[in-house]
Amino acid sequence: MSKRRYVARGMPGGYRIWDNRGRRWWGDLYERCPDLLLVELNGAASSEKITAPLKQYRAQKR
């Protein structure tokens, strides 16, 4: 099994997505674990399927 590029890491107040290849944080701080987003980022990485969960997570923050 290969190493996943994007992983969720627990932070105070929620989760952040860590990019193993770029060695930096990706995206915002999420209150809930972004499972759907991680599956798509590590899979086909379709821009339409990535933007839908991002909009949902941002709407929950408001």
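## Side-chain contacts

Arginine 5 is partly exposed, at 28% relative accessibility. The model is predicted. Arginine 5 pairs with aspartate 19 in a salt bridge, and the closest N and O atoms are 2.9 Å apart. The structure holds 1 salt bridge. Aspartate 19 sits in strand E2 (residues 14-19), while arginine 5 belongs to the segment before E1. The two are 14 residues apart, so the bridge links distant parts of the chain. Aspartate 19 is buried, with 2% relative accessibility; the cut-off for buried is under 20%.

Aromatic contacts come next. The structure holds 2 aromatic pairs. In one, the ring centres of tyrosine 6 and tryptophan 26 lie 6.1 Å apart. Their planes stand at 65 degrees, so this pair is edge-to-face; the cut-off is over 60 degrees. Tyrosine 6 is in strand E1 (residues 6-11) and tryptophan 26 in strand E3 (residues 24-30). The pair therefore ties together parts 20 residues apart in sequence.

Tryptophan 18 and tryptophan 25 form an edge-to-face pair, with 4.9 Å centre to centre and 75 degrees between the planes.

| Residue | Relative accessible area | Class |
|---|---|---|
| Tyrosine 6 | 10% | buried |
| Tryptophan 18 | 18% | buried |
| Tryptophan 25 | 30% | partly exposed |
| Tryptophan 26 | 21% | partly exposed |

Tryptophan 18 counts as buried because its 18% falls under the 20% limit. Tryptophan 26, at 21%, is partly exposed.

Methods: Residues are numbered from 1 along each chain as its sequence is written. This is a predicted model: local features need pLDDT of at least 70, side-chain atom pairs count only at pLDDT 80 or more; totals for chains, interfaces and linings use all residues. Side-chain values use heavy atoms; hydrogens and water are left out. Rings of Phe, Tyr and Trp (its six-membered ring) pair if their centres lie within 6.5 Å; planes under 30 degrees apart count as stacked, over 60 as edge-to-face and the rest as tilted. Helices (H or I, at least four residues) and strands (E, at least two) are DSSP runs, numbered from the N terminus. Buried means under 20% relative accessible area, exposed over 50%, partly exposed in between (1.4 Å probe, protein chains only). A salt bridge is a side-chain nitrogen of Lys or Arg within 4 Å of a carboxyl oxygen of Asp or Glu.
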